[in-house]
Amino acid sequence: MALQDTFRKHFSLHLPFGLFCWNLTLLSILSLLPFLIVFVALTPDFVKILVTNPTALSRFFRQVVTNGLPVVVIINYISFVALSGVVQKANRSAIRHIALDSFARAGAFVMLHMLIYVFSADWFGSFGGDRWTALRVVGPTLERSYLFENISGVYLYALLPGAVFAYLAVISDPADTKKGPFSARSVKVIIVACVSLVLMVTFLSMALTQLFSKS
């Protein structure tokens, strides 16, 4: 009940729209920061480059603000709006909804990157200002995200904290006061859902690479 109460308090559709979006944005930033710090720390000489090169720091900040943060916020928004309705239902099918939400997050992650890459080509001249080139690099970039080899891996794994929080709220049974949301079954379902999300992004990205390589 505590998780559901927290979910309703901070992510209820009954909240003012501005407050709802602020809470989602704050959650998304807190989800991004740990993975972003780890990525910068693990990338050789990255800290030195950011500190000594203002242009690199500016472009890195712009990439996070115009790509990573919007992707995480938008996906969390769509997911939380859908899950808010599910939490209100006593006879909800939690596992089915979690599965659908996991696949929806993966699809939205890939599609939003396609859209943002095209906009980046138009607005910032990225990818030589060529939209087609922008689309062609989405697949190869995202299919390696699960290995944390590029900054897209930060954005991918930043989806998981919000997903876990939402899934715990949905899967918890108010009538079950003994096991709570952290029962072995709940943990297994959430782990499977999160792994499925990462794998689905990888498979969709590989399919995208094959699609555009034939064009």
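Visitor: What share of the contacts in the protein chain with a separation of 6 or more comes from residues 24 or more positions apart?
Guide: Heads-up first: this is a predicted model, where local features need pLDDT of at least 70 and side-chain atom pairs 80 or more, while totals for chains, interfaces and linings use all residues. Residues are numbered from 1 along each chain as its sequence is written, and side-chain values use heavy atoms, without hydrogens or water. Contact means heavy atoms within 4.5 Å. On that basis, the share is 74%.

Visitor: How many helices does the protein chain have?
Guide: Helices here are DSSP runs of H or I with at least four residues, and strands are E runs of at least two, numbered from the N terminus. The protein chain has zero strands, and its helix count is nine.

Visitor: Which residues of α6 are buried?
Guide: Buried means under 20% relative accessible area with a 1.4 Å probe, protein chains only. What covers them includes α5, α7 and α9. The buried ones are Ala134, Leu135, Val138, Gly139 and Leu142.

Visitor: At roughly what angle do the axes of α5 and α9 cross?
Guide: Axes are lines fitted to C-alpha atoms over the stretch in contact, with angles from 0 to 180 degrees between N-to-C directions. These two come within 9 Å, and the angle is roughly 30°.

Methods:
Buried means under 20% relative accessible area, exposed over 50%, partly exposed in between (1.4 Å probe, protein chains only).
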